[in-house]
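Have a look at the sequence and the 3D view below.

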Amino acid sequence: MSATPPLRTRAAVIGLSAMALVTIAAATAPSGQAAPAAGSRPAAGAAVTTLKFVRNAGDPLNSRLMVVRNNKTQAVFRAGSGLGRDHAEGRDECASGKGWLPAGTYTVGARQTRYNGNFIKGYAIPLSNKTCKNGRTTRTELFIHSEMTRTGEQGSTESRRWDGVGDYKSAGCIKLAPQDIKKLFRNLSRGSAPNRLVVV
């Protein structure tokens, strides 16, 4: 039996919506890597890459970001998040712009080597928003990044130049030294793109 006109119209709309999702996924795929089709799972036997950020309550500016493939740690980098142990709200995940990244799972966006935001430039990985443990405060504009120019070099101003351990401070993002974020990107380019970040 042929579909009635309303059913045909609805099927066409559903088909266009699915195609739009696939197009968006392809457009946001990391450079040189194809995005999976919407709703698909990694192929059987394909390596699954996850990023894991382990917050150090004793010294938040000496925390660790790990690359984990198929449950095996492939790389570990020193990283910081928040304003540190000496700031009253440095370990308060609900303190926007001051506290460290809230615990939980995040969606990882496409890697960018020439990001050009107002505050963040160069190598950057966007993260999804996260509601903190109070259930009311949502942390936004979260990234994995460093301090550099848009071209990935060291600049002349403080926010574009890495000066040492004090630069692990952030407004809640995960921050790596310039040489480490470049190593992170090289590591990630050798396998599947990370599908999530887990913060503990």
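Let's walk through the fold from the whole chain down to a few side chains.

First, some ground rules: this is a predicted model, where local features need pLDDT of at least 70, side-chain atom pairs count only at pLDDT 80 or more, and totals for chains, interfaces and linings use all residues. Residues are numbered from 1 along each chain as its sequence is written, and side-chain values use heavy atoms, with hydrogens and water left out.

The chain holds two helices and 11 strands. Here helices (H or I, at least four residues) and strands (E, at least two) are DSSP runs, numbered from the N terminus. Starting at the N terminus, the elements go α-β-β-β-β-β-β-β-β-β-β-α-β. Of the chain's 200 residues, 40% are buried, where buried means under 20% relative accessible area, exposed over 50%, and partly exposed in between (1.4 Å probe, protein chains only).

Now find the open sheet of four strands, ordered β5-β6-β9-β10 with mixed pairing. Its edge strands, β5 (112-116) and β10 (174-175), each pair on one side only. Two strands count as paired if DSSP finds at least two bridges between them. In general, strands of a sheet pair through backbone hydrogen bonds, either parallel or antiparallel. Strands β6 (residues 121-127) and β9 (residues 142-145) run antiparallel and are joined by four bridges. Isoleucine 125 stands opposite isoleucine 144 in β9.

What lies across β5, β6 and β9? That's helix α2 (residues 178-189), running at about 60° to β6. The angle is taken between N-to-C directions, from 0 to 180 degrees, with axes as lines fitted to C-alpha atoms, for helices over the stretch in contact; contact means heavy atoms within 4.5 Å.

Next, the rings. Rings of Phe, Tyr and Trp (its six-membered ring) pair if their centres lie within 6.5 Å; planes under 30 degrees apart count as stacked, over 60 as edge-to-face and the rest as tilted. That rule gives three aromatic pairs. One of them is tyrosine 115 with phenylalanine 143: their centres are 5.1 Å apart and their planes are at 55°, so the pair is tilted. Because tyrosine 115 lies in strand β5 and phenylalanine 143 in strand β9, the pair ties together parts that are 28 residues apart in sequence. Are these two buried or exposed? Tyrosine 115 counts as partly exposed because its relative accessibility is 22%, while phenylalanine 143, at 10%, counts as buried.
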